[in-house]
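Please find below a note on the model under discussion, arranged as numbered points. The sequence and structure are shown first.

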Amino acid sequence: MAEFIDTVSHNKPTNPSAIAGLIKELIDSAVDHDAINYLNAKDKQQAQNGKNKL
């Protein structure tokens, strides 16, 4: 993330696929995948909906 901010703040060219990869990593890190296993079906669906919205 720091590398991305540095790149943007210095107006360096960015690779769109690298940005997409970074965003995917950020979304994945925001979700506690181990905890999802303990949710019931309704809550799992809500968690997936939240992830999709991110």
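In which helix is alanine 18 found? Alanine 18 is found in helix H2, and the points below place that helix in the whole chain.

1. Basis of the note. This is a predicted model, in which local features need pLDDT of at least 70 and side-chain atom pairs count only at pLDDT 80 or more, while totals for chains, interfaces and linings use all residues. Residues are numbered from 1 along each chain as its sequence is written, and side-chain values use heavy atoms, with hydrogens and water left out.

2. Fold. The protein has four helices and zero strands, in the order α-α-α-α from the N terminus. Helices (H or I, at least four residues) and strands (E, at least two) are DSSP runs, numbered from the N terminus.

3. Overall shape. The radius of gyration is 15 Å, whereas a compact globule of 54 residues would have a value near 10 Å. This radius is taken over C-alpha atoms, and the globule rule is 2.2 Å times the number of residues to the power 0.38. The C-alpha trace spans about 45 × 15 × 15 Å along its principal axes.

4. Surface. Buried residues make up 7% of the 54 residues; buried means under 20% relative accessible area, exposed over 50%, and partly exposed in between (1.4 Å probe, protein chains only). The accessible surface comes to about 4600 Å², with 56% belonging to carbon and sulfur atoms. Accessible areas come from the Shrake-Rupley method with a 1.4 Å probe, and for residues only the protein chains shown count as cover.

5. Helix H2. This helix covers residues 16-30 and includes serine 29. Serine 29 counts as exposed because its relative accessibility is 58%. Alanine 18, also in helix H2, is partly exposed, with a relative accessible area of 46%. The C-alpha atoms of alanine 18 and alanine 2 are separated by 14 Å, with the two residues 16 apart along the chain.

6. Asparagine 37 lies in the loop between helix H3 (33-36) and H4. Asparagine 37 is exposed, at 56% relative accessible area. Asparagine 37 and lysine 51 are 14 residues apart in sequence, and their C-alpha atoms are 15 Å apart.

7. Helix H4. Asparagine 40 caps the N-terminal end of H4, with a side-chain oxygen 3.1 Å from the backbone nitrogen of lysine 42. The 13 residues of helix H4 (residues 41-53) should span 18 Å at 1.5 Å a residue, and the end C-alpha atoms are 18 Å apart, which agrees. The expected span is 1.5 Å times one less than the number of residues.

Note on methods: Polar contact = N/O pair within 3.5 Å; in protein donor to acceptor, adjacent residues only side chain to side chain.
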